[in-house]
Amino acid sequence: MLEVCATRMTNAEVYALMRGNYERQFPRSCPVCARQFASLREYLLATSPVGRMVSYDIDANDWAPAEPLGTVALSNCSCGNTLGLGTELLAHPDRLALLAWLRDEAGRRGLPPQDVLDECRRILRARVLEGEP
């Protein structure tokens with residue numbers, strides 16, 4: 001578990017934390033068509049991203065919430081049902097560390113936090129689909 005501290009997370013730490021969080025959410029199935037997704041990779045191959053990632057904490061402009069609301073990435077199953085991968089399995093310090101990294105990275109790059117989140121999603125999807133560790 002990462003502790004929130006003055007040390008900034010590296011991009012590699014961010015991707016490893018996010019990927020590990022998402023991988024722990026499998027196996028799972030679509031509640032509508034019962035399609036099985038044995039792994040994150042299978043899920044990404046069989047679903048289509050929907051819209052932008054949503055960070056409820058950022059939307060509330062709360063960068064250090066006592067009770068983080070979390071972030072979700074929505075995707076459509078081939079049956080049309082919308083599924084989500086969220087941050088609810090992450091420990092509180094890890095959620096805060098990710099929010100701090102996102103705030104700092106957006107500020108450093110002069111981008112809206114939402115753009116950084118969306119870029120993270122694209123990069124993580126590509127790495128998983130290409131079989132990168």
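A disulfide is counted here when a pair of cysteine sulfur atoms lies within 2.5 Å; in general, such a link is a covalent bond between the sulfur atoms of two cysteines. The structure above is a predicted model, in which local features need pLDDT of at least 70 and side-chain atom pairs count only at pLDDT 80 or more, while totals for chains, interfaces and linings use all residues. Residues are numbered from 1 along each chain as its sequence is written, and side-chain values use heavy atoms, with hydrogens and water left out.

When the whole structure is searched, 0 disulfides are found.

We can now turn to the spaces inside the model. A cavity is a set of points, on a 1 Å grid over the protein atoms alone, where a 1.4 Å probe fits but cannot get out, and its lining residues have an atom within 4 Å of a point. Grid points are joined across faces, edges and corners, and a volume is the space filled by probe spheres set on the points. By this rule there are 2 cavities of 30 Å³ or more.

The largest cavity holds about 220 Å³ of space, and among the 17 residues that line it, Thr71, Thr87, Leu98, Leu99 and Leu117 lie nearest its centre. Two or more lining residues come from each of α1 (11-23), α4 (92-109) and α5 (113-129), where helices (H or I, at least four residues) and strands (E, at least two) are DSSP runs numbered from the N terminus. The largest share of this lining, 5 residues, is given by α4.

The second largest cavity has a volume of about 130 Å³, and of its 13 lining residues, Tyr22, Leu44, Leu85, Arg121 and Arg125 are the closest to its centre. Here the elements that give two or more residues are α1, α2 (40-46), β5 (71-76) and α5, and α5 provides the largest share, 4 residues.

How values were computed
On a 1 Å grid over the protein atoms alone, a cavity is a set of points where a 1.4 Å probe fits but cannot get out, and a pocket is an open set with protein on both sides within 12 Å along at least five of seven lines; lining residues have an atom within 4 Å of a point.
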